Amino acid sequence: QVQLVESGGGLVQAGGSLRLSCAASGSIRSIGVMGWHRQAPGKERELVGDITTGERTSYADSVKGRFTISRDNAKNTVYLQMISLKPEDTATYYCNAVIRSDYHLPRNYWGQGTQVTVSS
């Protein structure tokens, strides 16, 4: 089956930077839109941003100008470059992608999540 695996999370001081990666693997036929969500303790999961197959991006207002989403189709990977991190960015970050596999019609897949902690 298809799976998404995130990496790059960790502990960083306010004002610092991190780059998250999410690689898709398995019996992949094609990948559509890819994106990132995050969930802080006690809060609902929220959209961070996404990127289309044509590399058109969109972002939540709270991260515009600080976060950048990119993708490498040859590596089936989506990235989230985060700069000027704030304590409010502390959350578990999840990648997602719409993927058509060899055995299933297109569906949305989720990664397991990677923790980002920003200290003050």
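I am working from a predicted model.

**Entry 1: disulfide**

I began with the cysteines. The count came to one disulfide. I found it between cysteine 22 and cysteine 95, with the sulfur atoms 1.8 Å apart. I then placed the two ends. Cysteine 22 is in strand E3 (residues 18-25) and cysteine 95 is in strand E9 (residues 91-101), so the bond ties together parts that are 73 residues apart in sequence. Next I looked up the torsion about the S-S bond. It is about 40°, so I noted the disulfide as right-handed.

Are the two cysteines buried or exposed? Cysteine 22 has 1% relative accessibility, so I count it as buried. Cysteine 95 has 0%, and I count it as buried too.

**Entry 2: the open sheet**

From E3 I moved on to its sheet. Four strands form an open sheet, with antiparallel pairing, in the order E1-E3-E8-E7. The edges are strand E1 (3-7) and strand E7 (67-72), each of which pairs on one side only. I logged an average twist of 15° from one strand to the next.

I then walked across the sheet, pair by pair.

- E1 and E3 run antiparallel and are joined by five bridges. Glutamine 3 has serine 25 of E3 as its bridge partner.
- E3 pairs with E8 in the antiparallel sense, over six bridges. Here serine 21 stands opposite tyrosine 79 in E8.
- E7 pairs with strand E8 (residues 77-82), again antiparallel, over six bridges. Isoleucine 69 has leucine 80 of E8 as its bridge partner.

Cysteine 22 lies in E3, and E3 sits between E1 and E8 in the strand order.

**Entry 3: salt bridges**

How many salt bridges does a search of the whole structure find? It finds five. I wrote up three of the pairs.

The side chains of arginine 38 and glutamate 46 meet at 2.8 Å, N to O. I checked the accessibility of both. Arginine 38 is buried, with a relative accessible area of 6%. Glutamate 46 is partly exposed, at 35%.

Arginine 66 forms a salt bridge with aspartate 89, and their closest N and O atoms are 2.8 Å apart. This pair links distant parts of the chain. Arginine 66 is in the loop between strand E6 (57-59) and E7, while aspartate 89 is in the loop between E8 and E9, 23 residues apart. Both arginine 66 and aspartate 89 are buried.

I then asked which residues are linked in a network of salt bridges. They are Arg38, Glu46, Arg66 and Asp89.

Aspartate 61 bridges to lysine 64, with the closest N and O atoms 3.1 Å apart. Aspartate 61 counts as exposed, at 65% relative accessibility.

**Entry 4: rings**

I did find charges over rings. The charged end of arginine 45 sits over the ring of tryptophan 110, 4.8 Å from its centre. Arginine 107 lies over the face of tyrosine 109, at 4.2 Å from the ring centre.

**Entry 5: recap**

I close with two items to revisit.

Technical notes. Residues are numbered from 1 along each chain as its sequence is written. This is a predicted model: local features need pLDDT of at least 70, side-chain atom pairs count only at pLDDT 80 or more; totals for chains, interfaces and linings use all residues. Side-chain values use heavy atoms; hydrogens and water are left out. A disulfide is a pair of cysteine sulfur atoms within 2.5 Å. Helices (H or I, at least four residues) and strands (E, at least two) are DSSP runs, numbered from the N terminus. Buried means under 20% relative accessible area, exposed over 50%, partly exposed in between (1.4 Å probe, protein chains only). Two strands pair if DSSP finds at least two bridges between them. Axes are lines fitted to C-alpha atoms, for helices over the stretch in contact, and angles run from 0 to 180 degrees between N-to-C directions. A charge sits over a ring if NZ of Lys or CZ of Arg is within 6 Å of the ring centre and within 35 degrees of the ring normal. A salt bridge is a side-chain nitrogen of Lys or Arg within 4 Å of a carboxyl oxygen of Asp or Glu.
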